[in-house]
Amino acid sequence: MPRPDPALLNAARYPFRLETTTRFADVDPNQHLNNVALAAMMEDGRVRFNFAIGFREAIAPRRAMVASMGIEYLAQGYFPDPVEVCCAIEGVGRTSFAIIQLLSQGGQNVAFARSIIVCTDGDTPSPIPDAFRTHLLSDWTLKE
C-alpha cells in the first residue's frame, strides 16, 4: 500500500473518533507499541464505527466480512498514553465499501489503515441497500 495522501492525515476531517487506552502488554522489546497491538486498536475502532453507522441493522439478514486491510505505520506510539482512532467512509461500491482509519497519539499520526468491507449473504457478495449507501456517503465520509 502506498503512503497515504497527506489530505487523509488530518484527524479533524474524520467524522468518527474513539479514544482507547494502551496497555503494558501492547509494548514490544523496542519499548514502543507493537504493530499487532496497533492492528487490534484499528480493528476495535472499525467494529465500533460499524455499530455507530448502523451497519448490522442496515444489511440484515446479510453479514459483513473484511475482504482486505492494509496498514501504513507512520510513527512510533508509546505506552501509557491513550490513542485516538478516527474512521471515515472512503467509498461505497455495489457490494462493498472502504473504511479509512487514522490512529494518532498526542497529536502525532501513528498509523493509517484502509479496509474493504464486503456485504455477503453467506458465501457470495450481496448488494448494499441503496438507502444505506446514501447514508454512508452523506454522513460518514471525510469532512472538507
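Analyst: A residue is called buried under 20% relative accessible area, exposed over 50% and partly exposed in between, with a 1.4 Å probe and protein chains only. The model is predicted, so local features need pLDDT of at least 70 and side-chain atom pairs count only at pLDDT 80 or more, whereas totals for chains, interfaces and linings use all residues. Residues are numbered from 1 along each chain as its sequence is written, and side-chain values use heavy atoms, with hydrogens and water left out.

User: Why is Ser115 called buried?

Analyst: Ser115 has 0% relative accessibility and therefore counts as buried. Across the protein chain, buried residues make up 42% of the 144 residues.

User: Which residues does Ser115 touch, and what makes a contact?

Analyst: A contact means heavy atoms within 4.5 Å. Leaving aside residues up to four places away in sequence, Ser115 touches Arg46, Ser68, Met69, Phe97, Ala98, Ile99 and Gln101.

User: Where in the fold is Ser115 found?

Analyst: Ser115 lies in strand β5, residues 108–120. Strands (E, at least two residues) and helices (H or I, at least four) are DSSP runs numbered from the N terminus. The protein chain has three helices and five strands, in the order β-α-α-β-β-β-β-α from the N terminus on.

User: How do you know that the radius of gyration agrees with a compact globule?

Analyst: The globule rule is 2.2 Å times the number of residues to the power 0.38, and the radius is taken over C-alpha atoms. For 144 residues a compact globule would have a radius near 15 Å; the protein chain has 15 Å, and therefore agrees.
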